Amino acid sequence: MKNSSENIISPGQLATLSLWFAVILFCLLSRKDLTVDNIVRFTPGHRTLAALTMLALFGLKGASVGLSGNILYMADGVMFALPEAVALNVLGTALMTAIPYFLGRRAGAGMLDKLTRRYRKLELLREAPCRSGFLLTLFLRTLGLLPCEPVGLYLGACGVRFGDYMKGTLLGLFPAAVAFAVMGEYLSEPLSPPFLAAAGIQTGTSLCTVAAVIFRRRKQKQKQERNRPCEKSTFS
């Protein structure tokens, strides 16, 4: 028989939970103020501390606190040189997407119905399932029509392998991690060629993904119509 004391929350654990909820509540209440300028203003000047602060914000983003991943990408571009900003964005992407995945994995299939009721677009995944977890993740991340957290929760609950999930996530979000870092570096010059090129690449990536989805659905529909048996109608 297990010791009942194992189920008792210690004062240290209670303090940690209270601090965590306080941080989340603060972010929820002040999410409108979490702009690129404010993040840069309140981030420590020391480079290592600044990097750790940004990773902590990426972690909070993964806990669904109303932060924008693109704003974090851009803030890194403002504070760090481009190679450092991209590297930090990739690390932050892995962190903010791993958290909802493992939450969904722990919740299991019971979470799927709740997610599809709240996010109707996820119902399309049930209607047209993909055999490859990597391709499914890549498609969802590149398309970007759903927030980061529900996608991670859904794929975790579906049982997509973590390796496939993370590879698809990093590859799908890499263009955004680079593009917004470049836009952050040239934030003071929004009409400069690098800023416009980065914005154009980001928009073009999303449009190409949408076009690919439309093309694939049309192909699937045509295939279904060809395979559908001919039905003869009898009129009296």
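Visitor: At what angle do the axes of helix 4 and helix 10 cross?
Guide: Roughly 50 degrees, and the axes come within 7 Å. Keep in mind that this is a predicted model. Helix 4 covers residues 69-79, and helix 10 covers residues 162-185.

Visitor: Which residues in helix 4 meet helix 10?
Guide: Asn70, Tyr73, Met74, Gly77 and Val78. Across from them, helix 10 brings several residues, including Leu173, Phe180 and Glu185.

Visitor: And how many nonpolar residues does that contact of helix 4 with helix 10 have?
Guide: It has 9 nonpolar residues, along with 3 polar and 1 charged.

Visitor: Switching topic, how much space lies in the second largest pocket?
Guide: About 410 Å³. There are 21 residues lining that pocket, and the closest to its centre are Asn70, Arg141, Gly144, Leu146 and Leu173. Asn70 and Leu173 also take part in the contact between helix 4 and helix 10.

Visitor: Which helices each supply at least two residues of the lining of that second largest pocket?
Guide: Helix 4, helix 8, helix 10 and helix 11 do. By class, the lining has 10 nonpolar, 9 polar and 2 charged residues.

Visitor: Back to helix 8, then. Is it roughly parallel or antiparallel to helix 9?
Guide: Their axes cross at roughly 170 degrees and come within 11 Å. That makes helix 8 roughly antiparallel to helix 9. Helix 8 passes helix 9 in a right-handed crossing.

Visitor: Which residues of helix 8 and helix 9 make the contact?
Guide: Leu136, Thr137, Leu140 and Arg141 come from helix 8, and Cys148, Val151, Gly152 and Leu155 come from helix 9.

Visitor: One more pair: at what angle do helix 3 and helix 5 pack?
Guide: About 30 degrees, with their axes 7 Å apart. Helix 3 and helix 5 are therefore roughly parallel to each other, and their crossing is right-handed.

Visitor: Which residues of helix 3 and helix 5 make that contact?
Guide: Among them are Met54, Leu55 and Phe58 of helix 3, and Leu88, Met96 and Ile99 of helix 5. The contact has 10 nonpolar, 5 polar and 3 charged residues.

Terms used. Residues are numbered from 1 along each chain as its sequence is written. This is a predicted model: local features need pLDDT of at least 70, side-chain atom pairs count only at pLDDT 80 or more; totals for chains, interfaces and linings use all residues. Side-chain values use heavy atoms; hydrogens and water are left out. Axes are lines fitted to C-alpha atoms, for helices over the stretch in contact, and angles run from 0 to 180 degrees between N-to-C directions. Helices (H or I, at least four residues) and strands (E, at least two) are DSSP runs, numbered from the N terminus. Contact means heavy atoms within 4.5 Å. Ala, Val, Leu, Ile, Met, Phe, Trp, Tyr, Cys and Pro count as nonpolar, Asp, Glu, Lys and Arg as charged, and the others, Gly among them, as polar. On a 1 Å grid over the protein atoms alone, a cavity is a set of points where a 1.4 Å probe fits but cannot get out, and a pocket is an open set with protein on both sides within 12 Å along at least five of seven lines; lining residues have an atom within 4 Å of a point. Grid points are joined across faces, edges and corners, and a volume is the space filled by probe spheres set on the points. Angles under 35 degrees count as roughly parallel, over 145 as roughly antiparallel, 65 to 115 as roughly perpendicular and the rest as oblique. A crossing is left-handed if the near helix is turned anticlockwise from the far one by less than a right angle, and right-handed if clockwise.
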